[in-house]
Amino acid sequence: ECLNHVIALNERHLRSILRDYFSYYHTARTHLSLDKQCPKPRTVQLPNQGKIVSIQHLGGLHHEYRLAA
């Protein structure tokens, strides 16, 4: 899924891409089979609790939205 949208320049670059994708996949990406939750569950953050910021994954290929610290 990830490698359909990225060109790896060499083995080191490929390992870096895959490491970043696995981190994103387990901590931010939603899964329908998990009721739109990720494998490492996270708490619900309501918009009225503060400012929402975008966190880029894989150089901006994917985004995650969280409350600012």
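Rings of Phe, Tyr and Trp (its six-membered ring) count as a pair if their centres lie within 6.5 Å; planes under 30 degrees apart are stacked, over 60 edge-to-face, and the rest tilted. By this rule the model has two aromatic pairs.

The model is predicted: local features need pLDDT of at least 70, side-chain atom pairs count only at pLDDT 80 or more, and totals for chains, interfaces and linings use all residues. Residues are numbered from 1 along each chain as its sequence is written, and side-chain values use heavy atoms, with hydrogens and water left out.

**Stop 1: the tyrosines.** Select Tyr21 and Tyr24. Their ring centres are 6.0 Å apart and the planes stand at 50°, so the pair is tilted. Both residues lie in helix α1, three residues apart, about one turn of the helix; helices (H or I, at least four residues) and strands (E, at least two) are DSSP runs, numbered from the N terminus. Tyr21 has 7% relative accessibility and counts as buried, and Tyr24, at 8%, is buried as well. Tyr21 also forms a tilted pair with Tyr25, at 5.9 Å centre to centre and 40° between the planes. Tyr25 is partly exposed, with a relative accessible area of 27%. Buried means under 20% relative accessible area, exposed over 50%, and partly exposed in between (1.4 Å probe, protein chains only). Tyr21, Tyr24 and Tyr25 form one aromatic cluster.

**Stop 2: His57.** Next select His57, in strand β1 (residues 52–57). His57 is buried, at 14% relative accessibility. Residues up to four places away in sequence aside, His57 touches Tyr24, Ala28, His62, His63 and Glu64; contact means heavy atoms within 4.5 Å.

**Stop 3: the largest pocket.** Select Lys36, Gln37, Arg42, Thr43, Val44, Gln45, Ile52, Glu64, Tyr65, Arg66 and Leu67, which line the largest pocket. A pocket is an open set of points on a 1 Å grid over the protein atoms alone, where a 1.4 Å probe fits, with protein on both sides within 12 Å along at least five of seven lines; lining residues have an atom within 4 Å of a point. The volume of the largest pocket is about 240 Å³. Strand β2 (residues 62–67) gives the most to this lining, with four residues.

**Stop 4: Asn48.** Finish at Asn48, in the loop between α1 (11–27) and β1. Asn48 is exposed, at 68% relative accessibility.

How values were computed: Points joined across faces, edges and corners; volume = space filled by probe spheres on them.
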